Amino acid sequence: MSILKMSFTGRRSLALTATAVAVALAAAGCGGDSGGSAPTLPGNPGLGGDGVVAQSVYDAAPVATDADIPAGSTMEAIRKRGYLNIGGSLDAPLLAQQNPVSGTIEGFDADMAKLLAKYIIGKPEVKTTTIGTQTREAMLQAKSVDAVFQTYTITPQRATQVAFAGPYLTSGLAVGVRKDDTSIKSVKDLAGKTVIVGANTPAVTALPSAAPGSKQIAFGTDPQALQALLQKRGDAYVQDFTLLASGAKANPGMKVVGEPFTTEAYGIGLNKEDAQFKEFVNNWLKKIQADGTWAKVWEGTLGSVVEGGAPTPPALGSADGS
C-alpha cells in the first residue's frame, strides 16, 4: 500500500499554521537549488532520522542516455540549459523546505526534482520558483516552468488543463501518537479511544466508520491539535499524513504510525501538450522505483518520522487523470 492523502480545501487552511510552527524560513519569488548544494550530511533513514537524503543517493541515481533524449525535445532543451526549472514550495517541512543555514531545498518533492534533473542533465541542478496552488495550471500552460512538484493532487478536472506523470506519491488520513505510545499502531486501534481531529477536516467524517466508538475532540488549528496530543488530552491525532509528518519533525515527542487509511494521488504536473515529456518522466519514475532510489528518498525525508520501512510506490497511471 502506498502512503499519503489530503483534501486540499481542508489541508491548506491548516497547512499554513502548521508551517508557522515547523518552518524557520519561508521564501517568495525564485529560489535556486543546485547539484552542488545537494545535501552533504548523511541521511539517517527510519524513525528519528534527520530528514536529509544522503549524498550517496544522488551519486548512484540513474542518468538518461543520449538515445533517451531526442533532438528538439523538452528534455534536450533542459539538458542544454543546464538546470530543471520547477514550480514548487520552500516552506513545506519534509516535502520542500529551504534550509535556513545552507540555503538548500530539502524534502521528498525537492529531492525528487533534483533526481529528475540528475536523470536529464547528469547533475541535480534545479531552479525552484515558488508558486501558489491557483497559478500552477497557468504556469505549466505558459511553459514558465518545466514541471510542478508540489503535492499536486491528480484529478480528472485538472487533467483537462495539464498532464500528470505518476502518481509518484499518495497521501491520506493517518494517525499520530505520542512517541512513547506502543499501544496504537493503526487506525484500527482507535476504536473506543479519544481522538483529536481538526475542525471541519476530512477526519471528522472518516473516523466514525474507520474507528467505531471513538470519541472526537476538535481543534481549530494544527498547532492546537498537536499541543493537545502532547498534553495527553487525547489518545491520538488523526490528520493528513503530510501535516502529521511535519508536526512530528517539529515535535520529537510524537510519531506517525501505520498506513494512511484514505487515499489521494499526487502527480508531477507537466505541460498538457507534451506527451513525449510525460512518457519520459514516467519511464524515469519506473527506473527509480525499481532500483530502490524512490524508497531511499522516502526513508530520508517523510520516512524519518514514520515507523516502519518505505511503502510500495503508487502504480503509475493508477489515478483517474494520470
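Student: In which strand is the place of Pro 167?

Tutor: Good place to start, and keep in mind that this is a predicted model. Pro 167 is joined to Gly 166 by a cis peptide bond, with omega at about 10°. The strand that holds Pro 167 covers residues 162–171, and its name is S8.

Student: How many helices and strands does the protein chain have?

Tutor: Let's take the chain as a whole. It has 322 residues, and 54% of them count as buried. Its accessible surface comes to about 12,500 Å², with 51% of that belonging to carbon and sulfur atoms. The secondary structure comes to 10 helices and 14 strands.

Student: Of the contacts with a separation of 6 or more, what share comes from residues 24 or more positions apart?

Tutor: Here we look at how far apart along the chain the contacting residues are. Among contacts with a separation of 6 or more, those between residues 24 or more positions apart account for 74%.

Student: Which strands stand at the edges of the open sheet of 5 strands?

Tutor: Start from the order, which is S11-S10-S12-S9-S13, with mixed pairing. An edge strand has a single partner strand, so one side of it is left without a neighbour in the sheet. From one strand to the next, the twist averages 35°. The edge strands are S11 (215–219) and S13 (254–257).

Student: How many of the residues of S10 are buried?

Tutor: Helix H6 (residues 202–210) packs on the sheet and touches S10, along with S9, S11 and S12. Helix H7 (residues 222–230) lies across S10 too, as well as S9, S11, S12 and S13. S10 is mostly covered, and of its 5 residues the number buried is 4.

Student: What angle does H7 make with S12?

Tutor: Compare the directions of the two helices with those of the strands. H6 makes about 150° with the direction of S10. For H7 running against S12, the angle is about 155°.

Student: Is Asn 200 buried or exposed?

Tutor: Asn 200 is placed in the loop between S10 and H6. Its phi is positive, about 60°, although Asn 200 is not a glycine. Exposed means over 50% relative accessible area. At 74% relative accessibility, Asn 200 therefore counts as exposed.

Student: And what is the relative accessible area of Lys 143?

Tutor: Lys 143 is found in the loop between helix H5 (136–141) and strand S7 (147–153). It is a residue other than glycine with a positive phi, near 60°. Lys 143 is exposed, with a relative accessible area of 64%.

Student: What separates the C-alpha atoms of Asp 235 and Val 195?

Tutor: These two residues are 40 residues apart along the chain.

Student: How do H3 and H4 stand to each other, roughly parallel or roughly perpendicular?

Tutor: The axes of H3 (residues 74–81) and H4 come within 9 Å and cross at roughly 90°. Angles of 65 to 115 degrees count as roughly perpendicular. H3 and H4 are therefore roughly perpendicular.

Student: Which residues of H3 and H4 make the contact?

Tutor: By class, the contact has 5 nonpolar, no polar and 1 charged residues. H4 brings Tyr 119, Ile 120 and Ile 121, while H3 brings Met 75, Ile 78 and Arg 79.

Student: Why does Thr 293 count as buried?

Tutor: Thr 293 is found in helix H10 (residues 293–300). Leaving aside neighbours within four places in sequence, Thr 293 is in contact with Val 57, Pro 62, Leu 115 and Ile 288. Buried means under 20% relative accessible area. Thr 293 is buried because its value is 6%.

Technical notes: Residues numbered from 1 in each chain as written. Predicted model: local features only at pLDDT ≥ 70, side-chain atom pairs only at ≥ 80, totals over all residues. Heavy atoms only, no water. Buried < 20%, exposed > 50% of the residue type's maximum accessible area, 1.4 Å probe, protein only. Contact = heavy atoms within 4.5 Å. Pairing = 2+ DSSP bridges. Axes fitted to C-alpha atoms, helices over the stretch in contact; angles between N-to-C directions. Areas by Shrake-Rupley, 256 points an atom, 1.4 Å probe, with all protein chains shown as cover. Parallel < 35°, antiparallel > 145°, perpendicular 65-115°, else oblique. Nonpolar A, V, L, I, M, F, W, Y, C, P; charged D, E, K, R; others polar.
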